[in-house]
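User: Hi! Could you walk me through this structure? I'd like to start with how the chains meet.

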2 protein chains.
Amino acid sequence: MANLKQVAERAGVSSATVSRYLNGSLSLPEATRSAVDAAIADLNYRPNPFARSLSRGRTDLIRMVVPEIKAPFFAALVAAVENEAFLREQELALSVTLNRPGRESRYLDSVSDRHVDGLIFVTNHPDVAPLTGRITAARRVVLLDEDVPGAIAPRLFCDNDGGGYLAGAHLAAHGHACVAVIGAGDEMHSGAERFRGFSRAMTEAFGADVQITRKSGSYSREDGERHCREILAEGLPVTAIFAMSDELVIGALDALMAAGLSVPADVSLIGFDDILPLDHFATPITAIRQPVEALGVRAVSILLDTDWEDPAARRRVEILPVTLVDRSSVASVASLQTATDPQEEHR
Amino acid sequence: MANLKQVAERAGVSSATVSRYLNGSLSLPEATRSAVDAAIADLNYRPNPFARSLSRGRTDLIRMVVPEIKAPFFAALVAAVENEAFLREQELALSVTLNRPGRESRYLDSVSDRHVDGLIFVTNHPDVAPLTGRITAARRVVLLDEDVPGAIAPRLFCDNDGGGYLAGAHLAAHGHACVAVIGAGDEMHSGAERFRGFSRAMTEAFGADVQITRKSGSYSREDGERHCREILAEGLPVTAIFAMSDELVIGALDALMAAGLSVPADVSLIGFDDILPLDHFATPITAIRQPVEALGVRAVSILLDTDWEDPAARRRVEILPVTLVDRSSVASVASLQTATDPQEEHR
């Protein structure tokens, strides 16, 4: 099989140029690119990671495990990890679990079996206890986005508590003391943290006068619609809703639209993630923005740069900051079309 | 290592129950699920595809190659393929190429090298000539979404020509004879087909009176914004825009918003893909909807069910129908705020 040097000679460029072109760190003029591509094709050159692993005792292959790929946050997170893995010259094997425990276990074992060098692990179901020992045993595993309590592994999260606090403080600053929160429950790290920060901000502002209705479930559009519909059906006097994901925001909007309510004239709405083009929505949605690029870059860096023999490094927790993107979906409570019970007239 | 039967005995269920639970075709009550999960964990059971491949001479591992994962259409397509692969008890290895030729070649070779059973191949750059021979040689490759001319492989596309035609007929029915098209150029199968159908519909409606401005590039938000900005800057008298992807729609809206123009009062807009929640946009966007679930299901089925020894089967082309989702972004040309040059007053 041809090597890099032969490809470079055939294309009339240096080996470094071919190498940097293939790893994406160099853009070439069209003519040079064509010459390199032709040389790769003519010589049947393959920069095969498996071949490299035989000579170097490493696979240069990392795996990312995600519960699903369709939610905008996961799609963006995978794209960020993929891009950084590429820049670090690692092949990325992506695996989607659909939250099946059998699958998560199998992928964790691929580290122990040395089929991959390491694993970036994202799960979002609460029944993670059976995974704890496997994660600790697999060693080179980075827990990203959600926690697996008890496992010994470095962790990387966005500032869920801080994001919840920003959302709560923003609603409080607009006078909303009677609010609803829809999203994950306390059994999920993200749900617990976001709610804790949110409650703290509300309590700081209003003390005992706070009324928070909480509806817990998944981060899906379906649950957003269902929870919001329940809030309306129960006649809860909420003036604002904190929806813990982009998809929950869409679901909440579905329910509000169906009930003939508008945001923010009837009810204020604040989201979390800010991956979807919320700026183009009928009412541009105010949301807590996840640092999704930074999470991807840092997750790869932790996986590749951690000294896995160092017990302290294996227990490190990193938190990346979030920001509030202020658009127009939160209005002052004083401006509400109907004072305390916006949905009264619609029932 | 424990086998399926031991897991089933420990959990007090049948082997079939465990099997169907693990392959996702069966939902279990919470208590049963916990018992099965506990048995899997306690017995260290692994339904390992590599182990299966040793005994059956197959890997039960298929690969899907996509140019990127972040665009809503690709994220949805991958999710659809993933879901169907899961139902067919195939492990799916996802690989993102970022359109690097070295990477595409390597993944194609993984079929020849028998690292995977087959490959669903999506590319979206025009320089595919070096891949032609490799695809033919790899055999078990399904070309999805975009073509690689010359390669011998079954192909699965949405009805790009039909979708373009629907878009053109819809604009024509609203009186738009002077329009712009932004999207992929003729070097891409999707771009050529969508434009061909679109032009045909317009010509059928208006004959020689049609004026179509075409701006070709990628399907990205950035290109949508840039092309739309150019159309405005050049003072082109277009009354409607056909944007060939969700992301181009967002980019076009960015540019129109920046110019102080509204849809459809100043200019009509019709999209393609309909994966994003276009129904919640400031103006709900009319768009051609891709059959993304059906594309995923059918791609897996072609890969697994094709008789690869049959030359005719290897040359089959399937086209899945698209639909027009009519919302509110296309208005009659007679209702335009400014007759033929909507951007005149804004320059």
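**Where the chains meet**

Analyst: Happy to! The contact takes in 54 residues from chain B and 54 residues from chain A. Keep in mind that this is a predicted model.

User: Nice. What area is buried between chain B and chain A?

Analyst: About 4900 Å² is buried between the two, with carbon and sulfur atoms giving 55% of that. On the chain B side, B:R100, B:R106 and B:H280 lose the most area to chain A, and together they make up 14% of what that side buries.

User: How many salt bridges are there between chain B and chain A?

Analyst: The count is eight. Take B:R103, which forms a salt bridge with A:E82; the closest N and O atoms there are 2.9 Å apart.

User: And polar contacts?

Analyst: Across the interface of chain B and chain A, 14 residue pairs are in polar contact, with both residues at pLDDT 80 or more.

User: Which element gives the most to the side of chain B that touches chain A?

Analyst: That's α5(B), with seven residues. By class, the side of chain B that touches chain A has 29 nonpolar, eight polar and 17 charged residues.

User: Switching topic: how is chain A divided into domains?

Analyst: Domain 1 covers 4-47, domain 2 is 58-159 + 292-321, and domain 3 is 160-290 + 325-346.

User: How far apart do the C-alpha centres of domain 1 and domain 3 of chain A lie?

Analyst: Those two centres, in chain A, lie 53 Å apart.

Technical notes:
Residues are numbered from 1 along each chain as its sequence is written. Chains are lettered from A and ligands numbered from 1 in the order in which they are written. This is a predicted model: local features need pLDDT of at least 70, side-chain atom pairs count only at pLDDT 80 or more; totals for chains, interfaces and linings use all residues. Side-chain values use heavy atoms; hydrogens and water are left out. Contact means heavy atoms within 4.5 Å. Buried area is the accessible area (1.4 Å probe) that two parts lose on being put together, summed over both. A salt bridge is a side-chain nitrogen of Lys or Arg within 4 Å of a carboxyl oxygen of Asp or Glu. A polar contact is a pair of N or O atoms within 3.5 Å; within protein, one must be able to donate a hydrogen and the other to accept it, and residues adjacent in sequence count only if both atoms are side-chain atoms. Helices (H or I, at least four residues) and strands (E, at least two) are DSSP runs, numbered from the N terminus. Ala, Val, Leu, Ile, Met, Phe, Trp, Tyr, Cys and Pro count as nonpolar, Asp, Glu, Lys and Arg as charged, and the others, Gly among them, as polar. Domain bounds come from an automatic or database domain assignment.
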